[in-house]
Amino acid sequence: MSEPLLLGVDAGLTNVTAVVFDRGGTAVASSSTDTPGRSPAPGRDEQDHDDLWAAAVGVIGSVLADEAVDADAIAGVGLAGHGHGLYALDEAGDPVCGVKSTDDRGTAVLDAWEASGRLDEAADRLGWRPFGADPYCLLGWFDRDRPAVAERIDTVLFCKDVLAHRLTGARSTDAMDGSALVPPDGDAEVVLDALDLGEYADAVPDVIDSTDACGRVTADAAAETGLPEGTPVAAGLHDVGACALGAGVTAPGEATVILGTWGQSVVVTDGPDAGSGGLPRRYLDGWLRYRGTRAGAACLDWFVDEFGDAWRDEAAERGVDPYEVYEERATSVPAGAEGVLFHPYLNGSTDHPAARGGFYGLDLDASRDRMLRAVYDGVATALALGVEDFGVPVEDLRVSGGGAQSRLWTRTFADLLDDAVTVPDGTEMGARGAAICGGVAAGVYADVDGAVAETVGTQRRHDPDSERVERYRTVAAAFEEARDAMGPTWGTLMQLSGQRGGRE
């Protein structure tokens with residue numbers, strides 16, 4: 001009998017990825033495609049359910065067709081997807097709406113709730129403050145501006161739950177995404193009533209544990225995807241939680257920095273009230289807090305796309321990856337970029353939606369190399385401060401995401417935090433976290449702890465360097481001073497650009 005294989009599907013804002021893992025957590029085959037979407041108007045980011053399903057079917061079919069994969073050996077499936085936004089089905093199970101978490105339309109509703117005092121009441125119940133692209137605000141927008149559409153809403157879902165519905169017919173969500181609708185006391189109706197949305201209380205989906213099966217692959221889904229009919233499908237996780245699980249971060253005091261297109265600072269806590277700042281969410285048997293910088297590794301990509309032609313030419317001449325040259329150039333400049341500071345808020349942040357990026361300390365001697373080093377330092381500083389600002393003691397910090405392949409970046413976190421930092425093995429943490437959920441649901445692993453012990457190893461470790469630690473203390477202080485002083489200016493610049501803040 002073949003060893004069991006597990007499929008993790010991660011439907012993020014940028015890519016839809018499917019990865020088949022063996023029991024030991026090693027990727028056997030993977031496939032990825034751009035996340036489909038549409039923007040019918042400025043500030044609108046929508047997701048068609050059929051397009052999302054088609055993308056998932058494509059990548060699942062691709063990995064199952066890989067010669068290294070025995071499709072019949074797939075024992076379990078797990079799902080991850082971007083959080084927040086609003087996905088809904090009507091009574092018949094047909095799509096009503098699909099709105100991504102980068103959509104702005106709920107901001108005006110948020111402003112009205114703020115003025116009426118409703119927002120404060122809801123926030124007291126939730127333990128966090130709604131924002132322009134969370135399910136509450138988007139539901140409020142449809143209720144106010146598209147009542148004919150709102151009347152059709154029978155079940156509210158999240159991104160990954162759309163895929164679960166297509167795979168199994170289930171109308172449910174996991175506890176992590178569910179905690180964006182259901183407060184710690186379990187009474188979502190009270191929050192909806194506070195926002196004058198009580199009529200939608202019946203639309204809140206069933207909430208189940210992330211590692212429980214929400215259903216099994218139906219005959220129709222098996223025919224479309226190539227998955228074995230009857231395969232258990234785990235409820236899965238919001239992709240932030242899936243990345244944390246895929247990196248082996250599960251217990252209070254453990255933390256991760258996810259350095260992908262976005263940057264996320266994540267810490268596991270004892271409960272919803274532990275720590276401060278960011279967003280508290282249910283996570284496995286406990287809770288976590290996270291805050292996002294909406295441009296993480298994307299800051300580096302932006303800078304080198306705009307200013308890196310000469311570096312790419314050098315890479316081509318040497319026959320090496322351009323990122324090897326970028327790293328060499330940045331490493332040639334000391335920590336702190338010789339007084340050049342960079343704010344990585346090219347697309348705002350969850351704590352400061354109106355924030356914008358900027359270079360500070362430029363002079364006539366400022367070179368591209370110095371600015372490049374400042375980009376590396378600025379991204380790392382924002383995320384390291386995000387971990388520290390939770391106020392939760394951290395005993396184990398891991399760096400994951402595509403940016404974790406950069407030794408400069410991962411070493412910088414050790415220096416900024418003045419503590420050892422580890423980099424887990426593997427690259428597709430979100431898909432691996434989803435697959436772990438699928439493995440527990442299928443009985444391949446007895447529990448999450450056992451699964452992590454089998455699937456997550458360490459690629460490398462960095463210890464802090466005392467000289468760089470002192471330098472980065474100065475960098476971090478300057479970073480915070482500039483960030484705090486720029487608040488009013490960011491608002492003015494947003495007005496000049498004709499944009500609105502408030503997106504998550």
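User: Is cysteine 299 buried or exposed?

Analyst: This is a predicted model, in which local features need pLDDT of at least 70, side-chain atom pairs count only at pLDDT 80 or more, and totals for chains, interfaces and linings use all residues. Residues are numbered from 1 along each chain as its sequence is written, and side-chain values use heavy atoms, with hydrogens and water left out. A residue is called buried under 20% relative accessible area, exposed over 50% and partly exposed in between, using a 1.4 Å probe and protein chains only. Because its relative accessible area is 0%, cysteine 299 is buried.

User: How many disulfides does the model have?

Analyst: A disulfide is taken as a pair of cysteine sulfur atoms within 2.5 Å. The sulfur of cysteine 299 has its closest cysteine sulfur 18 Å away, in cysteine 243, which is too far for a bond. For cysteine 437, the closest cysteine sulfur belongs to cysteine 214 at 11 Å, again too far for a bond. By this rule, the number of disulfides is zero.

User: Which residue's side chain makes a polar contact of 2.8 Å with the side chain of aspartate 174?

Analyst: Aspartate 174 is found in strand β8, residues 172-174, where a strand is a DSSP run of E with at least two residues, a helix is a run of H or I with at least four, and both are numbered from the N terminus. With 0% relative accessibility, aspartate 174 counts as buried. A polar contact is a pair of N or O atoms within 3.5 Å; within protein, one must be able to donate a hydrogen and the other to accept it, and residues adjacent in sequence count only if both atoms are side-chain atoms. A polar atom of this side chain lies 2.8 Å from the backbone nitrogen of methionine 176, while the side-chain partner at 2.8 Å is lysine 160.

User: What is the phi of leucine 284, in the loop between β15 and β16?

Analyst: Most residues other than glycine have a negative phi. Leucine 284, in the loop between β15 (279-283) and β16 (286-293), is buried with a relative accessible area of 17%. Although leucine 284 is not a glycine, its phi is positive, at about 55°.

User: Where does alanine 337 lie?

Analyst: Alanine 337 also has a positive phi, near 50°, in a residue other than glycine. Its relative accessible area is 0%, so alanine 337 is buried. Its place in the chain is the loop between α13 (322-331) and β17 (341-343).
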